[in-house]
Amino acid sequence: MMLHCQKIGRELPPMLRPATADLLTRHASLLLDWVDRYGSPLNLIWPQALKENLAALRGVLTENGVRHAIYYGAKVNKSAGLMRTALGVGAGIDVSSLYELRDARRLGADGARVVATGPAKTGAFHRELVGCGALISVDSPEELEDLIGALPARTSPQPVLLRLRPSDQSKSRFGMPADAIAQCLARLSGERQLRFDGLHFHLSGYRWESRATALSEAAGLISEARRMGLSPRMIDIGGGLPIQYVDPIKYRDHLAAQTTDDYRTGKIPESFYPYGGSFSASDWLHLLLLAEMAQGRSVADYFTREGLCLAMEPGRALADQTAISVFKISRVKALGPDTHVIFVEGSSFSACETWFASEFLIDPIHVPAAHVPAARPSLSATPPGRAYLAGHSCLDEDVLSNRWLSFSVAPQAGDLLVFANTGGYQMDLLENEFHRHPMPARHCVAGDAQGQPYLIPDTVEEA
């Protein structure tokens with residue numbers, strides 16, 4: 001049995017892929033068995049969803065006649081299965097650390113399939129990137145000099161991008177303003193050991209309009225590079241494609257109606273990820289390609305006419321609907337006549353938005369441990385009781401949801417609470433071994449010939 005947690009009159013149930021919904025309904029007993037076997041929280045991954053997400057983005061680019069390169073932003077999730085799947089369907093991998101690079105290489109990525117976009121690369125990271133011929137996004141003139149100094153004698157030049165900090169992003173610590181890009185272009189024009197492949201930027205926020213503006217600025221620098229005799233072949237727009245976790249109309253209604261009484265803290269968070277935004281990642285990309293640049297040309301037309309490749313590093317957008325995180329309830333504690341705290345085996349480090357003074361605005365799904373008898377009591381009599389969700393640590397801030405939640409059936413110890421669509425940063429951005437609890441287990445979900453789900457350990461060795 002699967003029961004959505006409800007905020008009375010303003011539910012925010014998650015969007016679910018059929019395979020995920022099937023597990024939570026028809027195979028709930030398996031889910032309970034898996035948590036008993038592997039512990040709580042348990043992270044479950046569906047790599048097939050990444051294939052579908054990648055195909056959707058490629059479809060938009062192909063439809064608009066744009067040559068492209070898509071790299072999976074590996075930082076979004078530590079799953080080896082997702083990385084292996086991305087490589088298996090022809091995507092590249094965006095790595096931001098030496099350790100992500102090593103995993104990508106162990107899973108079969110050659111240097112031509114790897115781009116490194118992190119801003120604080122170490123010497124060791126540079127050496128291994130150069131060793132496999134990966135594409136390196138250079139964040140600063142200082143990094144460029146460090147890279148040149150570390151280059152061994154080689155027959156083929158090292159490919160690089162220059163990371164632009166657009167003029168309207170002046171407070172960002174990432175990338176270079178246009179004048180510094182120009183200086184680096186002059187340096188590259190006389191450096192035979194490096195090959196200038198183009199420009200890169202990665203902006204905060206989720207507006208396609210800001211990417212269109214940055215592309216217009218980048219276009220001028222591409223022209224300048226060509227005047228210097230360089231041959232850029234791409235502009236990399238980074239990530240930041242939005243995804244939809246919940247129904248957009250329900251989301252807008254929820255935001256409009258919420259009050260301070262909806263939170264145990266008495267405060268509404270100042271910002272949220274756009275969980276129910278107006279656009280899917282594919283919609284967003286389509287709008288960007290239609291956006292107007294200089295001389296009335298669209299973005300798609302610019303890339304086609306200039307013979308450039310549009311590169312990007314989606315993380316969350318490729319991990320959309322790839323994962324759930326399953327928590328076992330350890331105790332339900334009464335705080336008052338109609339308020340409770342539900343303690344789970346696990347912590348908010350594995351459902352991390354409260355640590356950023358925000359909330360994961362998706363209702364968890366309640367899976368009772370056994371068939372629910374008709375006489376099972378509710379959290380309280382009428383009106384329905386309210387509860388917030390807390391982790392198992394000694395930290396008072398260890399709260400998975402400050403939002404008061406209501407349930408149509410009373411949660412009890414041994415039941416499960418499932419957070420859907422946690423593949424994008426939620427499940428493992430902050431996970432650790434606090435109190436010496438082991439790291440949460442992670443498994444990929446597969447199906448046998450009869451459609452019965454089974455698990456495969458999600459490790460580099462097993463992926």
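A patch, on this tour, is made of residues with over 30% relative accessible area and no salt bridge, with nonpolar side chains joined within 5 Å. Keep in mind as you click around that this is a predicted model.

**Stop 1: a patch on the surface**

Select W355, F356 and L429. Together these residues make a nonpolar surface patch of about 280 Å². Now zoom in on L429, which sits in the loop between strand 16 (416-420) and strand 17 (441-447). With 41% relative accessibility, L429 is classed as partly exposed.

**Stop 2**

Y425 is partly exposed, at a relative accessible area of 25%.

Move on to R436, which is also placed in the loop between strand 16 and strand 17. Here again you have a residue that is not a glycine but has a positive phi, this time of about 65°. Is R436 buried or exposed? The value is 80% relative accessibility, so R436 counts as exposed.

**Stop 3: into the cores**

Time to go inside. Select L162 and Y275: of the 109 residues in the largest nonpolar core, these two touch the most other members. Which helix gives this core its largest share? Colour helix 9 (residues 208-227), which supplies nine residues. There is also a second, separate core of 21 residues, and L24, W34, A420 and V445 are among its members.

Go back to L162 and show what surrounds it. Not counting residues up to four places away in sequence, L162 touches V138, M176, I181, C184, L185, L188, F196, G198, L199 and H200.

**Stop 4**

Show helix 7 (residues 141-150) and highlight E143, L144, L147 and I148, which are buried. Turn the view until you look down the axis of helix 7: the buried residues fall within an arc of 135°, so they line one face of the helix. Then highlight E142, D146 and G149, the exposed residues carried on the face turned away from that buried side.

What covers the buried residues of helix 7? The cover includes helix 6 (123-132), helix 8 (178-189), strand 6 (135-138), strand 7 (158-163) and strand 8 (194-200).

**Stop 5: salt bridges**

A search of the whole structure turns up 20 salt bridges. Start with R102 and E128, whose closest N and O atoms are 2.7 Å apart. This pair links distant parts of the chain, since R102 is in helix 5 (residues 98-106) and E128 in helix 6, 26 residues apart. R102 is partly exposed with a relative accessible area of 33%, and E128 is partly exposed too, at 31%.

Next, select D197. Its salt bridge with R195 has its closest N and O atoms 2.7 Å apart. D197 is buried, at a relative accessible area of 2%, whereas R195 counts as partly exposed at 38%. D197 also meets R233 in a salt bridge, at 3.0 Å from N to O. D197 lies in strand 8 and R233 in the loop between helix 9 and strand 9 (234-236), so this pair ties together parts that are 36 residues apart in sequence. R233 is partly exposed, with a relative accessible area of 33%.

**Stop 6**

Find M83 in helix 4 (residues 80-88). M83 is buried, with a relative accessible area of 6%. Leaving aside neighbours within four places in sequence, its contacts are Y72, A74, I93, E100, D103, A104 and L107.

Then go to T20 in helix 1 (residues 18-25). T20 counts as buried, at 2% relative accessibility. Apart from neighbours within four places in sequence, T20 is in contact with W46 and I324.

**Last stop: a cis peptide bond**

Finish at S40 and P41, where the peptide bond from S40 to P41 is cis, with omega near 0°. P41 is placed in the loop between helix 2 (28-38) and strand 2 (42-45).

Note on methods
Residues numbered from 1 in each chain as written. Predicted model: local features only at pLDDT ≥ 70, side-chain atom pairs only at ≥ 80, totals over all residues. Heavy atoms only, no water. Helix = DSSP H or I, 4+ residues; strand = E, 2+ residues; numbered from the N terminus. Buried < 20%, exposed > 50% of the residue type's maximum accessible area, 1.4 Å probe, protein only. Contact = heavy atoms within 4.5 Å. Patch = residues over 30% accessible without salt bridge, like charges linked within 9 Å, V, L, I, M, F, W, Y side chains within 5 Å. Areas by Shrake-Rupley, 256 points an atom, 1.4 Å probe, with all protein chains shown as cover. Salt bridge = Lys/Arg side-chain N within 4 Å of Asp/Glu carboxyl O. Core = buried A, V, L, I, M, F, W, Y, C linked by side-chain atoms within 4.5 Å. Arc of directions from axis to C-beta.
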